[in-house]
Amino acid sequence: MDYDKLGLKMGLEIHQQLDTQHKLFCQCKTELIDEEFSELIERSLRPTQSELGEIDRAALQESLRGLNFKYENYSTHTCLVENDDEPPHSLNEEALDICITIACLMNMHIVDEFHTMRKQVIDGSNTGGFQRTGMVATDGYLDTPYGRVVIESLGLEEDAARRITTTNEYTQFRLDRLGIPLAEITTDPSMHHPEQVREVAYMIGQILRSTNVKRGLGTIRQDLNISIEKGARVEIKGVQDLDLMAEIVEREVQRQLALIDIKEELIKRNAKVLDEIHNLDSLFENTESKILKSARSIKAVVLKGYKGLIGGEVQPGRRFGTEIASYAKKRGVSGIFHSDELPSYGITQKEVDAVKNYLKIEENDAFIIVAHDEDIAIAALEEVKRRAKLGFEGVVEETRKALEDGNTEYMRPLPTANRMYLETDIPLFKITNDQIEPIKNNLPELPDEKKARIIKEYNLSEDLATQLVKRQVSDGFEAILKDIDIDATPVASLLAYDLREIKREGFDVNILTLKHFKEIFNLLATSKIAKDSLTKLTIETIKNPDEDVENIAKNNNLIMLSQDDVCKIIAEIVQNNQSMVKERQMGAIGPLMGMSMKQLKGKADGSLVNKIVRDEIQKIL
């Protein structure tokens, strides 16, 4: 695709949890828990007017679903603030400092005052029906291989509650995540190539990892804003896989182009969505379709001029009918039937012909059927008509969800500025130079910079250096080498790889302190243990963290033999196998090494054993 010709524009929104001691507006810990809740709170939410007297369209659309919400509450991990039964406490300054650090690393202008706003969110993920948010910095930039990208804003806000389960009657949330500090980073729409947006997301991720942020699944969420010249802005939520970003962009461009073609064809055909909702119960009294037989009511609408377009593909495996069905599903139905795909699903050609005759379907007309309870079926068909009419607009501004295959699915209309209004329970917070300067003068080293320095300074492989930085153990690595004169490779290997395997075996590696590691590697540096004993000694130290590490090595028979003792043992092994040496000559090294290492049981370094075996073979030869 010629993205320049299409006028492709993209922007990123990244939400990152901050690793602070407590939540943004209360003293509760920022920990997720999976215990039985102490109480369950039930609520219903509704949209409110903004300061301009207007209601946000996304909030209104959510309210039409008529859902109730349940909240799992914990007496030990949540408080009245999360329940919206108590005013918020003062702003978490630790979270603000982390955001200032991020802002400095992205060349941003930090605001003089932090003003807390309320942002309407009535999908139930916030107990009060709004999210508290505020602006920390604006007008930054990042230089990328594709050119400079503007960072429009950096906000600090509350994370939402965790969604646990959803039924037709209610959605249940857990309040442990609600209120965790969240940094929101927004770029301008200056990206014009699918690979560029991936590069920018990676660079922002590198900056975030260099600061005090949470790590792991669900701690960072990335959203994409995409549009083309003849299309419209669409926000795609939950773009987690960097390697899938380019594919998502390509498929969204494909979708917008397909919708533009559908729009032009609808206009050309002078198509029309008829308002009447028809009752088809009598036509399907004897149907063999299991879905229709189980429904209390079967309704239909006529779309004049839509034949062939509803079944038209907009993304791989997804059709215009899928787009329409996504709207209908918001009213509680599992799907729709449209004439472009019938007969199918147990509906026969005879039944299709009967419907066409009853609805007076002409050559280019189509129809859509919904089967459910009568009220739900009617509500779903109202959404069907609304989405079908939007076909005349081509691409609709909306929020969509990223799917695992690179496609997207409708979630709700795109929010507007009408959902923001001032938070009156929290005073403004002044950000002074006295707060900014110490942070600016002590900025962390970015991961890629740290990796390059470690490779050069410690003569490590790129793979080991990458893993040290990625697993956030590079500081410990450097602290060990600062005090102990030792080859860097075994230190890096233990921290980057072996600890991960030890953890997989069920051992709590977090018990180990820097002091433990220094004692372990000091034994290696003074030739008291072999490299092959490092993993065993580490595990035994985890089991006995309060004991002296050298005593642990002695008790587990890991202390190395003297070189003289090693020479005596190997000399005896070689002498007992003279016939093999004379027959194989230097080819006997392999078997003799195996015999020696087995008898020494890790009490000698492999390179030393290899040298002595060679020397003893040479004596015989």
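**Close-up views of a predicted model**

**View A. Helices α14 and α15 cross with axes within 11 Å.** In this predicted model, helix α14 covers residues 488-504 and helix α15 covers residues 514-525. Their axes cross at roughly 130°. The crossing of α14 past α15 is right-handed. On the α14 side, the contact is made by Pro490, Val491, Leu494, Leu495 and Leu499. On the α15 side, Phe517, Phe521 and Leu524 take part. By class, this contact has eight nonpolar residues, no polar ones and no charged ones.

**View B. Helices α18 and α20 meet in a right-handed crossing.** Helix α18 spans residues 563-575, and helix α20 spans residues 589-600. The two axes come within 10 Å and cross at roughly 135°. This makes α18 oblique to α20. From α18, the contact draws on Val566, Ile569, Ile570, Ile573 and Val574. From α20, it draws on Leu592, Met595, Ser596, Gln599 and Leu600. The contact residues divide into eight nonpolar and two polar, with no charged residue.

**View C. The second largest pocket holds about 870 Å³ of space.** Its lining comprises 33 residues. Nearest the centre of this pocket lie Gly205, Gln206, Arg209, Arg215 and Lys470. Five elements are named as giving two or more residues to the lining: α4 (194-209), β12 (220-227), α11 (447-458), α12 (462-470) and α13 (474-483). Which of them gives the most to the lining? Helix α4 does, with six residues. By class, the pocket lining has 13 polar, 12 charged and eight nonpolar residues.

**View D. The largest cavity has a volume of about 140 Å³.** The lining of this cavity has 14 residues. Closest to the cavity centre are Val81, Thr127, Arg132, Glu158 and Leu178. How does the lining divide by class? Five residues are nonpolar, four are polar and five are charged. The model has two cavities of 30 Å³ or more.

Conventions: Residues numbered from 1 in each chain as written. Predicted model: local features only at pLDDT ≥ 70, side-chain atom pairs only at ≥ 80, totals over all residues. Heavy atoms only, no water. 1 Å grid on protein atoms, 1.4 Å probe; cavity = no way out; pocket = protein on both sides within 12 Å on 5 of 7 lines; lining within 4 Å. Points joined across faces, edges and corners; volume = space filled by probe spheres on them. Nonpolar A, V, L, I, M, F, W, Y, C, P; charged D, E, K, R; others polar. Axes fitted to C-alpha atoms, helices over the stretch in contact; angles between N-to-C directions. Helix = DSSP H or I, 4+ residues; strand = E, 2+ residues; numbered from the N terminus. Parallel < 35°, antiparallel > 145°, perpendicular 65-115°, else oblique. Left-handed = near helix turned anticlockwise from the far one by under 90°. Contact = heavy atoms within 4.5 Å.
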